[in-house]
Amino acid sequence: MSQSWVSISGSVEIQDGQITLVPVPLPPTTPSTTVVMPLALVRSNIEFEQGTIELEVWLPDFESKVQIGLNSGTASELFGGLNALGAPYGFAAFKNNQWEPVVGTGHGCRLQADHWHKLKLHAQGSNLDLYFNDVKVVSASYQVTRAPLSLLLQSNGRVSVRNVRVRTQEPICFVVMQFTEEYNALFSEVIRPTCEEFGYTVVRADEFYNSGLIIDDITRSIRECAVVIADITPNNPNVYYEVGFAHGIGKPTILLSDRKREKLPFDISGFRTLFYDNTIGGKTAVEARLRKHLEAIGG
């Protein structure tokens, strides 16, 4: 699919794969109002959740802003790039019609003007890495959902972006459960095929084969995944540890439990749980409910 970009706000020129801000100053509403630096927001036809975005940036001055926008059109948009809320490199969120800092670095540095620079953003689950001229400059943790890719340009001069390259990858669903025949059937017959319908790569902890610490593999996988599905039927301390870790970092989590379990532990009793009957009909029912939850998470 070929790229297409449209201005949502502000004036831009789009020609031969290059997007350039046309700086039209906004008149102050009152004599005391500060003049706002010209800004444009452009949105693409590229749906992005996981993968890598690379582009080249022309800065007419060291204060010019170029930021890659994720979660476009959602209640919590995220922007990562150059000159984010006063930091030469950083991430900032736009929520409730106001900006919130996420992380910034490079304070005291001035970006070189009148020069083409390389900018790259890599997203893997909630792990985000920003690279400037092939150097990793800042990392952040933030939940990314599938949404159109956007760019924010702000400058008193003609700031430009060219050669936008996007490599998407399938989001990961990490499954937490006891490794016994009973739960293996639920995994292979319901969880895996349903998640794959939604474009997820499904990973379970027993599929790790390296020689490192298993807990390192698990926590890394939870950070890098888009959603966690956990069966909390048995009192398995490993499962509850992993669910707690996922909740602690704000990872979208879907809990499953067999109805044969009479009562959930107090700490998770308030979380929405999909109860199922371990029968053919019961698996069909939980499959339908799981689809609804995945649709809600995917926006």
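Is Arg-192 buried, exposed or partly exposed, and at what relative accessibility? In this predicted model, Arg-192 counts as partly exposed because its relative accessibility is 24%, a value that lies between the limits of 20% for buried and 50% for exposed residues. Arg-192 forms a salt bridge with Glu-196, with the closest N and O atoms 3.8 Å apart, and Glu-196 is likewise partly exposed, at a relative accessible area of 44%. Both residues belong to helix H1 (residues 181–197), where a spacing of 4 residues separates them by about one helical turn. Salt bridges that share partners also join Glu-197, Glu-287 and Arg-291 into one network.

Arg-167 counts as partly exposed, with 47% relative accessibility. Asp-134 is exposed, having a relative accessible area of 59%, whereas Lys-118 counts as partly exposed at 43%.

The largest pocket holds about 220 Å³ of space and is lined by 15 residues, with Phe-179, Ala-205, Ile-218, Asn-238 and Glu-242 lying nearest its centre. Two or more lining residues come from each of strand S15 (172–176), helix H2 (214–224) and helix H3 (237–248), and the largest share, 4 residues, is given by H3. By class, the lining consists of 10 nonpolar, 3 polar and 2 charged residues.

Helix H3 also contains Tyr-241, which counts as partly exposed at 47% relative accessibility. Together with Ile-214 and Ile-215, Tyr-241 forms a nonpolar patch on the surface, with about 280 Å² of accessible area in all.

Distances between C-alpha atoms relate further parts of the chain. Thr-201, found in strand S16 (residues 201–204) and partly exposed at 32% relative accessibility, is separated by 8.5 Å from Phe-174, 27 residues away along the chain. Ala-113, in the loop between strand S9 (98–105) and strand S10 (115–124), lies 53 Å from Ile-268, the two being 155 residues apart in sequence.

Key
Residues numbered from 1 in each chain as written. Predicted model: local features only at pLDDT ≥ 70, side-chain atom pairs only at ≥ 80, totals over all residues. Heavy atoms only, no water. 1 Å grid on protein atoms, 1.4 Å probe; cavity = no way out; pocket = protein on both sides within 12 Å on 5 of 7 lines; lining within 4 Å. Points joined across faces, edges and corners; volume = space filled by probe spheres on them. Nonpolar A, V, L, I, M, F, W, Y, C, P; charged D, E, K, R; others polar. Patch = residues over 30% accessible without salt bridge, like charges linked within 9 Å, V, L, I, M, F, W, Y side chains within 5 Å. Areas by Shrake-Rupley, 256 points an atom, 1.4 Å probe, with all protein chains shown as cover. Salt bridge = Lys/Arg side-chain N within 4 Å of Asp/Glu carboxyl O. Buried < 20%, exposed > 50% of the residue type's maximum accessible area, 1.4 Å probe, protein only.
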